[in-house]
Structures are given as C-alpha cells and as structure tokens.
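Please look over the sequence and the structure below before reading on.

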Amino acid sequence: HRASISRSSHLPAISADGMEFQVLGNIELAEEVVSVRDHGGNGIGLLRTEFLYLSRNNFPGETELFEQYREVLELMAPAPVTFRTLDINGDKAISYTLTPEEANPALGLRAIRFCLKKKEVFKTQLRAILRAAAYGNAQIMFPMISCLEEVREARKLLRACAKELAGEEKRHNPEIPVGIMIEVPSAVVMADVLAREVDFFSIGTNDLVQYLLAIDRGNPQVAHLYNSLNPAVLRMLKRIVDEADKAGISVAMCGEMAGDPFHLPVLMGLGIRELSMNPQSIPAIKDMIRNMEGHECRLFTESLLEKSQTQEVMDAISLKYGKFM
Ligand code: PEP
Ligand code: MG
C-alpha cells in the first residue's frame with residue numbers, strides 16, 4: 001500500500017468526475033519544505049511563522065527572517081507558499097516578550113491582536129515577507145481575525161511597509177495576495193463583509209471548532225465533545241464557502257480537518273478545492289480524491305446539512321464512504 005502511495009503521490013488530485021483539488025502542506029520550519037515536496041504537495045498552504053520565534057532569546061531581525069522566507073519560496077517555486085503572520089500567545093507563548101499573565105490565553109492577546117499592539121515586531125515581519133515575495137510565489141495571511149477593523153489595520157501596516165521599502169529602493173513585491181484565517185466565529189458571521197476586503201479565506205478548523213463549541217482544544221476532559229462534524233460546524237463551513245463564492249474569492253482549509261480522510265467527502269462536497277495538511281497526510285488524501293466523485297459528494301453534503309446531531313453525520317459518512325478509507 002505504501003509503495004502505491006508514493007508512486008501516485010506526484011499525480012494531480014483530480015476527482016473521478018474531473019474536479020481538480022490542490023493539496024498542500026502545513027509546515028513550521030524551512031527544513032520541512034522537502035517533506036512537502038516529497039509527499040507530492042502542491043505548495044505550502046500554511047507556514048506557521050511563529051516557530052522561528054520560539055526557543056530563542058529575542059525577536060529575530062528582518063534580515064534573518066527574509067533569508068529564511070526566501071529560502072522556502074525558492075525551494076518551493078513555482079508552487080505557492082502562504083506565510084501566516086505571527087500567531088504567538090494562546091497556546092504558543094514566547095519567553096522574551098513581557099505580556100501579563102492571562103486567565104484565558106486563548107481569548108487573550110494572541111496572534112493579530114498581539115501584532116497590532118507590538119507594531120514594530122509586526123512590521124519587521126511584514127517587511128521580510130514583502131522582500132522575500134520577490135523571489136517566488138508568496139501569499140500573506142493574518143490569523144485570528146475577528147472583525148473588519150483588524151483587517152484594515154493590518155493591511156494599512158502592510159502598505160506602509162511596502163512604501164518604506166520602495167523609498168529605500170529595496171527589492172520587494174507589493175502585489176502579494178492578502179488573505180485571512182477564518183477561525184473565530186465572529187469572522188464567519190461577518191464573512192460577507194470580510195470577503196470584500198481580501199483575496200482569499202483559509203479556514204482554521206482547529207480554532208474555529210474550539211471557539212464555536214466553546215471547547216478548549218487542549219483539554220482532555222472535554223476532548224470527546226470536540227468534533228469537526230458537529231452540525232453547527234458544518235453550517236459555519238457552508239456559510240464561509242457561500243460568502244467566498246459570492247465575493248469571487250478562493251477558500252482553502254488549513255486546520256487538521258483538512259487532512260483527515262473521514263472528513264474529505266464533506267470538504268469536497270462543500271466545494272473547498274484547496275486543502276492544506278501535515279505533509280505525511282498528503283498522499284492518502286490525494287489518492288482518495290482520485291477515487292471519489294465530486295458531484296456525488298455535493299449531493300451527499302447537502303443531505304448532511306439537514307442533520308441535527310454529530311452522530312448522525314458520522315454514521316452517514318461511515319455508511320456511504322467507509323469503503324474508501
Ligand atoms: C487552526 O486554528 O485551524 C490553524 C490551522 O491554526 P493553528 O492550529 O496554528 O492555530
Ligand atoms: Mg489557529
């Protein structure tokens with residue numbers, strides 16, 4: 001079975017009825033680019049840039065970041081790389097920045113909230129991404145967006161950085177596509193408004209499920225309640241895709257849900273054509289896409305959206321698609 005996976009993993013992911021999907025990798029460090037390529041990934045859908053900030057004593061400087069980012073882009077070119085700006089605090093605290101202790105870090109000064117407060121740290125990263133973007137196919141994405149103001153402020157800082165770089169005559173790409181993660185329920189509610197402001201959405205189900213169902217993703221006591229197939233989650237996913245379609249922007253998924261074969265019929269059925277996951281999951285997902293009918297998944301998912309309990313959704317998937325897994 002392993003051998004068949006490695007032989008087919010570099011073929012495109014086209015469903016039995018001709019729908020093409022992009023299957024990409026989630027990585028944390030530049031070294032992992034090789035793994036995405038070896039597993040047949042069509043690019044990097046999520047570069048968790050915070051990992052370069054962990055396990056050290058101070059914030060990395062622009063040159064160091066630029067060099068790392070450029071390396072990733074050059075190794076991956078012409079395939080796309082989506083740089084997610086710093087998502088620290090929450091479950092990933094860094095030791096060298098003094099932020100007061102928080103009772104609820106997941107609801108605290110995390111990700112874009114941190115960056116909009118520590119503007120110099122943020123701008124250093126934005127400048128490095130803009131400069132690296134001149135060397136490959138780069139996209140930029142902001143995490144934990146919960147309202148329009150945050151998108152506008154982040155984009156304003158990005159424009160200011162591009163202007164600075166132009167003034168300094170430093171090579172950069174001011175035309176880099178800009179997207180946001182959809183991982184906070186308020187962003188789903190406001191998806192129609194947010195879709196008009198950005199080039200793409202990427203759904204972060206790890207946090208979206210946590211915040212939507214009010215279940216700490218790291219707490220074993222309530223882990224059994226955490227389920228991406230909860231009907232409330234499915235309705236949210238449907239809304240995100242519908243609003244992205246209406247605005248004519250693309251929608252990807254980069255949460256763990258994207259790499260789980262059990263969830264694939266639903267994601268194909270919702271019309272999510274870009275899935276980003278742990279590199280090791282790529283070959284099996286590509287294989288499964290090739291064996292499935294996209295339009296059949298669509299009809300099936302419409303019927304799932306009528307269900308009112310998680311277990312009913314799971315039973316229906318096992319019954320119809322269990323044989324593919
Ligand atoms: C997510 O929340 O689904 C996501 C991809 O981001 P992270 O897991 O890094 O929070
Ligand atoms: Mg997240």
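Leaving aside neighbours within four places in sequence, Phe21 is in contact with Ala13, Arg273, Leu275 and Ile289, where contact means that the C-beta atoms of two residues, placed from the backbone, lie within 7 Å. This is a predicted model, in which local features need pLDDT of at least 70 and side-chain atom pairs count only at pLDDT 80 or more, while totals for chains, interfaces and linings use all residues. Residues are numbered from 1 along each chain as its sequence is written, and chains are lettered from A and ligands numbered from 1 in the order in which they are written.

**Phe21**
- Phe21 counts as buried because it has 22 C-beta neighbours inside 10 Å; a residue is buried with 20 or more other C-beta atoms within 10 Å of its own, exposed with 12 or fewer, and partly exposed in between.
- Phe21 and Ile272 are 251 residues apart in sequence, yet 8.2 Å separates them in space, C-alpha to C-alpha.
- Phe21 belongs to strand β2 (residues 20-27); strands (E, at least two residues) and helices (H or I, at least four) are DSSP runs, numbered from the N terminus.

**Strand pairing**
- Strands β2 and β3 run parallel and are joined by three bridges, with Gly25 opposite Ile44 in β3; two strands pair if DSSP finds at least two bridges between them.
- In strand β3 (residues 44-48), four of the five residues are buried.
- Three bridges also join β3 to strand β4 (residues 80-84), and these two run parallel, with Ile44 opposite Val81 in β4.

**Crossover**
- From β3 the chain passes through helix α3 (residues 62-76) to β4 in a right-handed β-α-β crossover, meaning that, with the strands pointing away from the viewer, the path from the first strand over the helix to the second runs clockwise.
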